[in-house]
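Please look at the sequence and the structure below. A short report on selected places follows.

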Amino acid sequence: MRIGIPRVLLFYRYYPMWKAFFEALGLEVVPSSITNKEIVDISVEKSVSEACIPIKLVYGHILDLKDKVDFIFLPRIVGLEYRTYMCPKFIGIPDMIRNASLDIPPIIDPTIDKRNSLTGFFKSFLELGRLFTKNSLKIIQAYTEGLKALKSYNEELRRGITPLDILDGKNYGGEDFNIKIGIVGHCYEIYDEFISGGMIKILNRLGVKVLSMEMIDWRAILREANVLPKKLFWTFGRELYGTARYFIRKGLVDGIIMVVAFGCGPDSLVRELIERDLTKPINFPEITITIDEHSSELGLITRLEAFVDMLIRRKQYEDNLSSVW
Amino acid sequence: MKITYPPFGDARIAIESFLRDFGHEVIPPPPSTNRTLSIGVKYAPEFACLPLKITLGNYIESIEKGADTILMLGGIGPCRFGYYAEVQRRILKDLGYDMDWIVLDLSNGWMNLFRSIKKIVNGNSVIKVIKALRLAWEKVLALDKIEKISRKARPFERYKGEVDNIVRETHKKLDQAGSISQVRQVLSEYRETMDSIIDEDSLEELVKIGIVGEFYVVLDHFTNFEIARRLGELGVWAENAFYIEDIVRIYLPLFRNKDIEERTRVALPYIKRSVGGEGQRTVAHTIEFAERGFDGVIHLSPFTCMPEIVAEGILERVSKDYDIPVLTLSIDEQTGLAGITTRIEAFIDMLKTKKRRRMAG
C-alpha cells in the first residue's frame, strides 16, 4: 500500500518522522512533487481565493498525488504545545479538502493535538497506526522509529543545515559568510522554493549566511517568547517572536527578513509585535517580504539586494550606529 | 475614570446601560463613520482583520472625547480576536495615548480576571450588580426583538425610512429605560406600531435570506453596509443566524447554555472540529437555513478572516448538497458600497426568479 504525503505545511518539519513511522508499518511513502507551475495553477483554480498561498498549495499537491497513491496523509494539527493553537486553517484543512469535490483517494486525517497531553504525539500516532495494523507493539516500535528519525533530523538542522539540503538534496548554508541574516517565517514558506522565490539561494549568491528557526533549540525559542505579558496562543506565533528575539538578543545576525504570506492571519499581528517590541526601538534592520502566487523572483532579488547592500554599508562604515543618529 | 468600550451594532445601548448603572462616567464611542475606519486603517497592521481596525478607530475617537479607560474582551483561541487588546494597546501606546485597559480575559489567570471585574463593579453592592446585569440583559433581549421585527416589517413600510425612524425612536426610549418593566413597556409599544405595518398574509411570498458569518460583521451595521436595511428595502426578509443574545451566550461563559452546541451539531458531517471564531457555526447555520426553507444565504466575513475562509471552502459543498444559493461577501476597507449593492441585487434577482419558478410548479 502506498501512502502519499503532500509537500505542504509541516512537511519540512516532520517528514522524516512520518516517513520512518509509515515505513516501519510496511507502507510505501510517496511525497508529492516539489512545487511547480502546474501545481500552483491548479491550486489557485481549485481553492478558496482568499486563502493564503500555503493553504492553496495543499489542493495542488493533493491532486499531484491523486494517481500515485492509495491514501493521502493530511493530519489535522490542532496544537503543538500547551495552551496554543495552530491557525484555524490548519485545523480545518482536511475538511476543506474533503468537501472540495476533487475526486481523490481517501484522506487519512488523524487529529494531532499536543495541547493538554503529556504523551505528546503518541496518542495520535497510536490511533493512526490502528488503521493499518492491530498489533500495538508494532505501532509503538514504528513510533519509536519515527521519533528517532525526527531526533536525528533535528540534530542535523541544529548544525546549520537547511531542511532543503536534507530532503531535497540542495547545498545551502554550509559555507560561512561575513554577513548573516536571520529569516523569520514559517517552514512551509521559506523552504517551498517556488513560493519563497528561492530566497535562500539568492541570499547565498549575495554572500549571506542564512540562519533560520530550525537551527535553534526549540525550548530556547519558547523561553524567549514567554517574556510577553500575554503569551501568544499560536504555536507559530510564539516561535516567530521567540526566534526574532533570540537572533537579536544574542547578536547572531546583522538583519532580519520576515517572510509573511499574503493574508496570513496570525502573522499580521505577530509581525506587528516583532516590529513594535523588538526591531523598531533599537533600529534593528528588518525587512518584510510578503509572498503570494503572484510574487516574482525579480522583485524579490531587487529588494534582497538593497537590503543586503544596506547591511554591508552599515557594518563597514557605521559600526552599530545608524545614520539616523 | 472615563470608560469607553468597543461598540458593535446595537449592543452599545446595553453595554452603556450597565456601565452607567455601576456609576462610571461613560464616554460612548461616536457612531462609526468613514473617519473611524480611516483612522483605524492608518494605524492598524495592514493585514489585520477589519474589526480590529474599526475598533481601533472607535477607541481613538473616544479618546478624543476624553476617555481614559478601555473595556475589552480577550481570550485564547485560534481566532485573532483573543489578541486584539494586546496589539491595540501597543499601537495606542506608541501613539502616545497611555490608556488604562480593563481586559476581561481568563487566560491571564483568575486573579487578573477578578481584578478587572472589581474595577468594573466599582464598589457596588452585590444586589446592585445583579440588578444592573439583569436590566442590561433585558435590554439585550429587547434589542434583539426590535431588530428581528424590523427585518420583517421593512419590506412593507409605507414610505422609505419609516421603520428606521421607529427603530431609532425606540432605541432612544430603551436607552432611557431605568427598569425592566419600562423596557417591556417600550417593547410592547414598538410591537403594536410594527404590527400595523406588517402584512402577515403576504409574509410567505417574500424572498427569505439568512445571514451567516463572523459575528462582528453580521451585527455591526456600519461594517456590513447596513445590509439588513438594504435587503429590506429591496423587499427581502433577511434573518440573522444569531443576534446579540447568542453572541453573549457564546463568548461569556457565565451565560452559556446547551443550545449553542446543539445548534452546531448539524455541521459535523462537513467540519469535524471547531476552527475558532464562527467557522463551524457558519456551516451549521447555513444548513439550518436550508432546512427551514430559506431561499438563499448571505455569508459575511472580514477579509482574511481565518475561520470564515475554512467555512467558505466548505459552504460550496453545503450549497450543492442542500440546494441553497450562497453569496459570500468578504469585507475590508477597500470594499465599496456600489460593489456590494450590485452583488446583492443580482443575487436577489436570481432568488426571485428561482422562487417564482418553484411557486409556479
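Helices (H or I, at least four residues) and strands (E, at least two) are DSSP runs, numbered from the N terminus. This is a predicted model, in which local features need pLDDT of at least 70, side-chain atom pairs count only at pLDDT 80 or more, and totals for chains, interfaces and linings use all residues. Residues are numbered from 1 along each chain as its sequence is written, chains are lettered from A and ligands numbered from 1 in the order in which they are written, and side-chain values use heavy atoms, with hydrogens and water left out.

**Two arginines of chain A**

Arg7(A) sits in the loop between strand S1 (2–5) and helix H1 (11–24) of chain A. Is Arg7(A) buried or exposed? Arg7(A) is buried, because its relative accessible area is 11%. Buried means under 20% relative accessible area, exposed means over 50%, and partly exposed lies in between (1.4 Å probe, protein chains only).

Contact means heavy atoms within 4.5 Å. Not counting residues up to four places away in sequence, Arg7(A) touches several residues, among them Tyr12(A), Pro31(A), His61(A), Asp168(A) and Asp192(A).

Arg158(A) belongs to helix H6 (residues 136–158) of chain A. Arg158(A) counts as partly exposed, because its relative accessibility is 33%. Which residues does Arg158(A) contact, leaving aside its neighbours within four places in sequence? They are Glu214(A), Met215(A), Ile216(A), Asp217(A) and Trp218(A). Arg158(A) and Asp217(A) are 59 residues apart in sequence, yet 7.2 Å apart in space, C-alpha to C-alpha.

**A covered helix in chain B**

Helix H4 (residues 84–94) of chain B is mostly covered, with eight of its eleven residues buried. The buried residues of H4(B) include Tyr84(B), Val87(B), Arg90(B) and Leu92(B). What covers the buried residues of H4(B)? The cover includes helix H13 (265–279) of chain A. From chain B it includes helix H2 (34–43), helix H3 (50–64), strand S3 (69–73) and strand S4 (100–104). After H4(B) comes Gly96(B), with a positive phi near 95°.

Most residues other than glycine have a negative phi. Asn283(A) has a positive phi, near 55°. Asn283(A) lies in the loop between H13 and strand S10 (286–291) of chain A. Its relative accessibility is 30%, so Asn283(A) counts as partly exposed.

Asp323(B) also has a positive phi, near 50°. The loop that holds Asp323(B) runs between helix H14 (306–322) and strand S8 (326–331) of chain B. Asp323(B) counts as exposed, because its relative accessibility is 57%.

**Salt bridges**

A salt bridge is a side-chain nitrogen of Lys or Arg within 4 Å of a carboxyl oxygen of Asp or Glu. How many salt bridges are found over all chains? A search of the whole structure finds 48.

| Pair | Closest N and O atoms |
|---|---|
| Asp95(A) and Arg98(A) | 3.5 Å |
| Arg229(B) and Asp164(B) | 3.9 Å |

Asp95(A) and Arg98(A) share helix H4 (residues 88–98) of chain A, three residues apart, about one turn of the helix. An α-helix has 3.6 residues a turn, so residues three or four places apart point the same way. Asp95(A) is buried, because its relative accessible area is 0%. Arg98(A) is partly exposed, because its value is 33%. A network of salt bridges links Arg76(A), Asp95(A), Arg98(A), Asp109(A) and Lys272(B).

Arg229(B) is buried, because its relative accessible area is 18%. Asp164(B) counts as buried too, because its relative accessibility is 16%.
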